[in-house]
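Student: Could we look at this structure together and work through how some of its parts pack against one another?

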Amino acid sequence: MSQPILTVEGLRVSIRGDEGAAQVLDAIDLTIPRGRIVGVVGESGCGKSTLIRAVLGILPANAAIERGTLSFEGRDLRALSGAELSRDIRGSAIGFIPQDPFLALNPVFKIGTQLLEIMRGRTLAGLESESDKRTHLIGLLRAVQIPDPADALERYPHQFSGGQRQRLLIAGALACRPRLLVADEPTTALDVTTQMQILDLLKRLVAERALSMLFVTHDFGVVAQLCDEISVIYAGQTVESGPTAAILDRPHHPYTRLLIGCHPDRAEDLVGIPGAVPSPRDPPPGCRFHPRCPERRAECTRLPPTAADGARRVACWLHAAS
Amino acid sequence: MLALRKFLRDTPATIGLGIVLACILVAALGPCLAPYPDDAFESHILQRLKPPSAEFPFGTDNLGRDVFSRVILGTRYALGVALMVVSIAMALGVPLGLIAGYRGGWLSEAIMRVTDIVLAVPQLILAVVLAQLLKPSLESAMLALAATYWPFFCRTVYAETRRVRSALFVDALEGIGASPWRIMFLHILPNAASPIIVRATIGMGFTILTAAVLGFLGMGATPPLPDWGLAIAESRQYLPESWWFATFPGLAIFLAVLGFNLLGDGLRDFVDPRLRRSR
Amino acid sequence: MLRFLVRRSLLVLPSLLGLLVLTFVLMRVVPSDPAAALAGETASAQQIEQIRVKYGFDRPLPEQFVIYLGQMARGDLGISVFSNRPVAQDIGYALPATIELTFCALLLAALIGIPLGTLAAVWHNSPLDHAIRMLTVAGLAVAGFWLAIMLQLLFAMDLGWLPLRGRLASTLTAPPDISGLFLVDSLLAGRFDLFGNALSHLAMPAFTLAVPGIATIARFTRAGVLETMQKDFVAYETAVGYAPARLVAIYVLRNSVVAAVTQIGLLFGALISSAVAVERIYDWPGIGSYAVTAILNLDYNAILAVTLTVGIIYAVVNILVDLAHGLIDPRVAEQM
Amino acid sequence: MRTLLLAVAASAALTAGFDAAPARAQSKATTLVWGDQLPAGLDPHVVFDVPMQYVLLNVYDGLYRYIGNPPELKPWLAESSSVGADGLTWEFKLRPGVKFHDGSDLVAGDVVYSFRRVLGMKRGPAGAFLPVLKADKITAPDSRTVRFQLESAYAPFLAAVPLVAIVNPRAIAPNVKGDDWGSAWLASNAAGSGAYSIDAASYRPREALDLKRNAGHFFGWSDNPKPIDLVQSRPVQETSTRVLALMKGDIDSTDSYLPTDQVERVQKSGSTAVAKDESMRVFIIRMNNKKAPFDNVEFRRCVSQAFNYDGFINVILKGYAERNPGPMPKNLWGAPADAKGYRFDLKAAKDACDKAKAAGAPIGREIEIHTQSELDQTLQAAQLLQSDLKKIGVNAKIVPNQWPNLTSSTAKAETTPDMWIHWISTYFVDPENWIGQTYDSQFHGTWKASSWYSNAKVDAMLREARVSTDQAKRKKLYEDASRIVIDEAADIWVYNTVQLRGLTNRVAGYKFSPVGGGGDLRYLTLKN
């Protein structure tokens, strides 16, 4: 198998605040093979957004990567300077689709201006002149099914519906012909029908353009529909990963199991997870889930080893032996 | 106490507070601090326009009076004028704003239209006309400034009253039969206190500056009052040789206004964290 | 858009009328006698009485006001007591001078204030930010007339870099009067020497007036930029790789200047106020120094006209500010 | 943002590069830049004040003109004049061949029109003529003769004649609106015959006026071989700015009231000098003789001795003024040469005060001294007096005020301030201008008579002098009247002005006269 497009290993990120540092990410492992869609699933506050920021190199000034590797197509992202990241990675090699299409577009600039800005200062084969870039954008808008694309470039964000804006953002992510797409819950803000259309669109685009995608969500239903593989995160730790069907079918980690159980489509009877996500400022030792875990043991206060079984990995003392 | 400690963490605001307190102290103790307290009114023409020396730290003016003493003595007038103006403007603007905001109807309309009219020209223009027509004196200047500054309070209080009025508890109070005056002054006014205090603090600095302009134009304080603006006007024809005559009163204005502005800014950040600088 | 303009203008009219009534009443209830002022130094009591009758000062106040309004409707602002010229003509000379001065001051304030505020926001809480903040607070505390005197002594007398006073060097003659703005008229006449000379004369007064403006604009720009920086679209724009400098200078800034632009309306009032003293010092023949002369001489018609003119400019500036909001933000434009 | 910064930098560079210097060089050598005040409007029959003299002397001509210092009244447009034995009929014979700037002849009818215009508008100089002259009593028996038939004898009539500029009715006629006598037009234009004509296009009120030499002026230019062809009036409004502008070379002349503190500096600069000329302009601190305690002569003497004349003149004014002990400028005939006036003597003042107190004068009352806020000297004098009065237990309060307010307040004794300060300038050169109009009780209600002094004996003397045609008799009457007024301390007379005008060194030929303050341009030349 060829080299994965993105590899994250043992990533730990801490954020300094008024009352001390907090390890928002503690032990994240993630691999995105070329051409695949990997879903990262977790509750709100588990560190999904921080993971995306770490990958894109836009962590806030008070955050620091303490350890771990981030490797994109074999390049060590941590070794790149801010300017290199901005020029070579963000927007160009890695396209980004934000969460809320209503807030992500700059309200006072035309769509065309904003999309062209993404391509600015980047060398793209065959797109030297401004009009080339424009034609390219019109093609993209057509691909994301925006009606009357040339006209759309001259309009302002508030003149589009939410679904259309999300399509525009997808076009933006594709503008520089990236190899990897990073999507941050791109459908959460949309109604269900629109959600479906967007997911279909994404799936098709990834397939047509031979892209890979990191898709962050809290929604197992979306994952099931879209993703090839899943990585489940709890409180800054990767707890389980593997092919979508296998995990949904037979989750190993108690957290995964409970999370699936919360989903109205999947669970026979809805059970919530008692307790709350721990504060990253003062996390429990070892497996961070153990205070809430129905099957916790004494050794859970130590960090569990990751057990691999083919494509599947799980970090849990329950599976440490096998 | 906790609030104070939190406030003091804001260094510029603390500096402002320090300057303001110092000004108040100087104003209160003026005649004791000034080396020549009689120089407020007495001239000694034989020692006119002497440069700064140990005897006269800021030099002497065109009538031989000690500039240092006059700057100190002037603090009382500057602060006094500002305090009077702001107080009168508040006494007019706050109740009017409350009534307009609480009552609604034609009375509210009338009050707010008058406010609009006064605000339709820059304050100083109207103040200058008024001060001149009332015969130039410190009292006229104060009256003119107050008469043109109250709409600012009126607007502020009006907006706050509107906001608070729409909050449920006013209806509840009316329900239990509280009188409108009681509601306005006991329940709404305290809610509007912070913006009023902020406005008043900034107004102090602003008024010191405007009063100085009036003094400079000869439409405010009258000689021989040790007014800062007046001193600068008097000093002009002795420049640049007698630089001390204009420089020190100018610095005094600057420092006093700076103090009130810093304090006002700090207070605003304190009561309205939306504009918090640290974020 | 047109409807917006008409509606806004109509809204201003009652205030302006009220202002006129206010000033008119003030002028007439004060102790000093307009007829005596009009009659001049060598007049006898009898002469003064004749003038009182001739100008209708003996009639009831409301009647006088109606007469005045009637004249005004015909574009006649009366004769200046002081100069014996039609007031409208005097204002015609003074107004462009002030417009030129205040416009340049505003421009300067924006050109300096916006970058300063942006820098402070980008590096907020850094020493640079603190320095800019102290500077802006200081800028608001300095008395314009004092600064004017000090700048004059430094730049005109000591260093000799800039001219001392006036709108043009004394030996030059003003360009043909088209707009009354020397910068514009000199260019229209193709006189670049006049343009440069007028510009050099503008520099100090415009800067003096701009100082509090710089401070205000910088503060509001800073707050605006900080607020905008928190917005989702900035995070998005960062994530898709907008070049950081362009991101701030274009995409953040345009969203942030709304508050600063609103300030320009208020600032204009402060500017005119400041101009009253500053124009005198720089000998700038504008509406501010005209106002002082008019007020000192109790030149009734001139005072009324000045107040009204300033009221109108003030209103126009505020309407322009609203239009500027529309230019900045398409959503606002749609509601106009 | 970078573009913004670039723009700022570029404009700064531009501005610095375009200083006034190169523009100045080209025309400087032949052009005089006059920094003195311009009158508020240019119509010489509407405004009558010191700045108007500049227009009056240069753009217009009168029948007679004051020349030199002390001023001599010389025939100007008139060749001669005569007065009937009754003192009522005056006849003036005009010079032949005088032309207005538009080339038309100046004839007797134009003089009649000019005087009628003054009387008709009742403004500016009209005050001097209205009591004694009716419009239909001015006639032109022929084209070179003008006749005035006065209502009553008026000795100063000839002295007042130079006040009236002869204007060109043919230039004014097309611009008359309603009953305005063309004054709205003449406020920004000229219709004269003087040594200089105005370039109306250059006129910007308060800012600029260009004057061009009238080579065909009737007086000819033989007395000045190198007159200045172009004079640019660039009035500087503020005193301090004006001095700076002179030192910087922006203007060639200040006004003639240079602050005394600036004299040394202007003289030291090397390129500028100060012309110092004793004028006829009395600095006077008025006392309202009708208001207690000023109705008490001892109290007035007390205040008169509490003013530090020497300190004011020698220290504050640095000696650039002449002590003037009485109401008349001491360089004018009719001023008693032996009058000593009052001296600064606080002890004597205190004694006088005690006497006044004994007589029941309410000296404990706070008295008001009104000053003119634009004129620093009035403030300084008031502060000096206030400070010394305090030492003898009299409290005074200073009230800055303005000329129009003050003059309207003097209409009634009750509204006239306790004290106020002003100058009496040369409106016309005759004792009538000073003692005649200030201490004859028939003028009560005008600002000049605002001390409300009344003494039947003085009234009789002044009235006799007013109608007499015997110069020696008039002189005696005025001297005697002066002595009485001084003894009764009607006012405080402080000094006679030394007029100070800052000039650049290239200006030569400057010739001062109390009328016009040296603004007569025809004598000036430029050195290179």
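**Helix packing and a chain contact**

Tutor: In this predicted model, helix α5 (residues 87–122) of chain C packs with helix α12 (residues 287–296) of chain C at an angle of about 135 degrees, and their axes are 7 Å apart.

Student: Which residues of α12(C) does α5(C) meet?

Tutor: On the side of α5(C), the residues are C:Asp90, C:Ala94, C:Leu95 and C:Thr98. By class, the contact has four nonpolar, two polar and one charged residues. The partners in α12(C) are C:Ile287, C:Gly288 and C:Tyr290.

Student: How does α9(B) run to α10(B), roughly parallel or roughly antiparallel?

Tutor: Helix α9 (residues 228–235) of chain B and helix α10 (residues 243–271) of chain B pack at an angle of about 155 degrees, with axes 8 Å apart. Since angles over 145 degrees count as such, α9(B) is to α10(B) roughly antiparallel.

Student: Which element gives the largest share of the side of chain B that touches chain C?

Tutor: The contact takes 37 residues from chain B and 37 residues from chain C. On the side of chain B, the elements that give two or more residues are α4 (105–119), α5 (123–133), α8 (180–216) and α10. The largest share, nine residues, comes from α10(B).

Key: Residues are numbered from 1 along each chain as its sequence is written. Chains are lettered from A and ligands numbered from 1 in the order in which they are written. This is a predicted model: local features need pLDDT of at least 70, side-chain atom pairs count only at pLDDT 80 or more; totals for chains, interfaces and linings use all residues. Axes are lines fitted to C-alpha atoms, for helices over the stretch in contact, and angles run from 0 to 180 degrees between N-to-C directions. Helices (H or I, at least four residues) and strands (E, at least two) are DSSP runs, numbered from the N terminus. Two residues are in contact if their C-beta atoms, placed from the backbone, lie within 7 Å. Ala, Val, Leu, Ile, Met, Phe, Trp, Tyr, Cys and Pro count as nonpolar, Asp, Glu, Lys and Arg as charged, and the others, Gly among them, as polar. Angles under 35 degrees count as roughly parallel, over 145 as roughly antiparallel, 65 to 115 as roughly perpendicular and the rest as oblique.
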